[in-house]
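Please read the numbered points alongside the view below.

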Amino acid sequence: MPISLPGPLTADDLHAAAAPIPVDVPAPVRESVAAGRRFLAESRNGDTPIYGQTTGFGALVGYAGRATDADQADNTLAHLGAGQGPDLPVPLVRAALLVRAGSLARGLSGVSPHVIDALAAALGTGFTPAVPRYGSVGASGDLIPLAYAAQALRGRGHAYLSGERLPAAVALAQAGLTPLTLDGRDALALVNGVSVTTAALALAQHAVRRSHHALQHLTALLADLLGCDPQFLDARLIAAYAHPGAAVVAARMRSRLAGAAPSGTRPLQEPYSIRCAPQLLGAAEDALSYVDGVVAWDLRAVSDNPLLFPGEGVVHGGNFFGQPAAFAADLLAAVTAQLGTLAERQLDLLVDPARNTGLPPMLAAGPGQQHGLQGVQLATTAFVAQLRRDATPASVQSLPTNLHNQDVVPFGTQAALRAYDGAGLLHLLCGSLALGLRQAAHVGARQPTAPACAALLDRLEHAIPPVDPDRPLDGDVRRAADLTAEFFLNRAA
């Protein structure tokens with residue numbers, strides 16, 4: 001099914017846009033966009049100044065712009081070619097193009113209909129602009145990264161096609177696309193929004209949600225393999241805690257541990273990484289629900305300036321200011337760091353013979369001759385350290401710029417990109433724990449007694465051979481992470 005603009009778009013739509021995907025612009029939407037364009041032409045003939053049409057940009061708004069529309073488009077984009085660093089991931093850039101198309105298709109930006117058509121056409125192919133990571137403060141939209149995207153659509157700069165980085169003009173031709181023509185308003189509308197920030201936050205939230213669900217199942221499997229008493233999930237206990245997220249998480253975990261039989265050999269009270277898991281994961285559930293809301297709002301928002309309301313007027317303001325996403329991304333980064341800590345601590349518990357019910361150290365099949373999960377555990381320590389560093393809030397680090405025109409900035413782009421990176425590390429931490437659980441079963445852990453836990457372990461055992469003898473485990477960690485995430489999605493209530 002094609003994605004129909006303007007939406008409402010979802011994080012699933014953005015995730016799907018990683019591959020070529022059909023995007024439809026229905027006739028009523030096209031007419032709304034065209035009406036906005038006609039209103040722009042009418043408004044230009046009046047006495048009211050319209051930012052970016054005849055003026056300079058940012059702090060230079062008080063100066064006249066260039067004489068022709070084509071020159072004004074160049075004036076908009078050329079000075080923003082100041083990004084640096086590695087290119088953003090292709091799936092993220094494609095998601096940003098979809099978000100920008102959704103915003104423009106709401107008909108309030110005065111953009112030419114063919115601009116939205118060009119975005120839709122590009123998304124239907126593998127064409128992806130090459131966009132540098134560094135340079136956006138997320139205050140007047142993602143100006144610099146979106147300028148690179150706009151230039152690539154014009155055939156300038158570079159782009160990716162079938163995994164190859166090419167001159168953009170070559171990539172357009174090979175994809176069967178026509179270079180995009182822009183006037184000043186079109187160019188400004190393409191860059192004056194927080195579409196990269198929104199896309200990064202939405203994709204990060206999508207990934208963290210998957211890991212959060214996977215951790216609930218992995219924690220249940222850990223408790224079953226070790227023979228823990230599941231009373232830490234007792235419905236009466238959790239109801240007294242009163243937090244709604246804990247109730248949701250505990251109910252899911254009880255369903256996964258249904259039928260589990262305690263071994264009777266574990267301590268009366270488990271370590272907090274097991275006993276307090278529903279409280280920790282429940283708090284994450286509540287926080288993620290807030291981020292869900294911000295993502296949903298941003299995906300139906302018009303982030304641009306000015307906005308044109310046909311028959312009413314042109315309104316200048318600050319809908320390009322990415323503060324909501326900045327706060328949400330910082331919260332998401334904190335949640336991700338704590339979820340990562342939980343996964344790392346559970347793996348540490350699992351590899352420690354003093355706490356793992358007598359399993360060999362590092363889950364090695366032959367300790368000394370083999371080293372089992374020792375390298376994997378070292379890597380998880382590094383992952384968690386990185387997550388903790390990246391959990392420092394970006395949304396309160398405002399620095400004035402642009403001759404104090406942008407005297408307060410949210411740094412939402414930086415916050416969202418760090419959350420996006422962190423989601424990838426959390427995925428690997430879940431894979432590391434899943435691999436440890438698979439190896440524990442090989443070196444002497446009891447068989448799961450809960451059917452849902454047995455089903456997950458069976459899937460891991462069929463896909464990943466035991467670590468016996470030692471081998472590089474980087475690919476196995478990724479495979480275990482993917483399998484666990486897919487396992488939950490296929491069985492989610």
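1. Helices (H or I, at least four residues) and strands (E, at least two) are DSSP runs, numbered from the N terminus. Arg154 is found in the loop that lies between α6 (143-153) and β6 (158-161). The model is a predicted one, in which local features need pLDDT of at least 70 and side-chain atom pairs count only at pLDDT 80 or more, while totals for chains, interfaces and linings use all residues. Residues are numbered from 1 along each chain as its sequence is written, and side-chain values use heavy atoms, with hydrogens and water left out.

2. Is Arg154 buried or exposed? Its relative accessible area is 12%, and buried means under 20%, exposed over 50% and partly exposed in between (1.4 Å probe, protein chains only); Arg154 is therefore buried.

3. Contact means heavy atoms within 4.5 Å. Not counting residues up to four places away in sequence, Arg154 touches Ala73, Asp74, Leu77, Leu172, Pro179, Leu180 and Leu182.

4. In helix α4 (residues 90-104), 13 of the 15 residues are buried. The expected span of a helix is 1.5 Å times one less than its number of residues. For α4 this gives 21 Å, and its end C-alpha atoms are 21 Å apart, which agrees.

5. Two strands pair if DSSP finds at least two bridges between them. An open sheet of 3 strands runs in the order β4-β6-β7, with antiparallel pairing. Because β4 (128-129) and β7 (164-167) each have a single partner strand, they stand at the edges, and one side of each lacks a neighbour in the sheet. Between β4 and β6 there are 2 bridges; Pro129 has Ala159 of β6 as its bridge partner.
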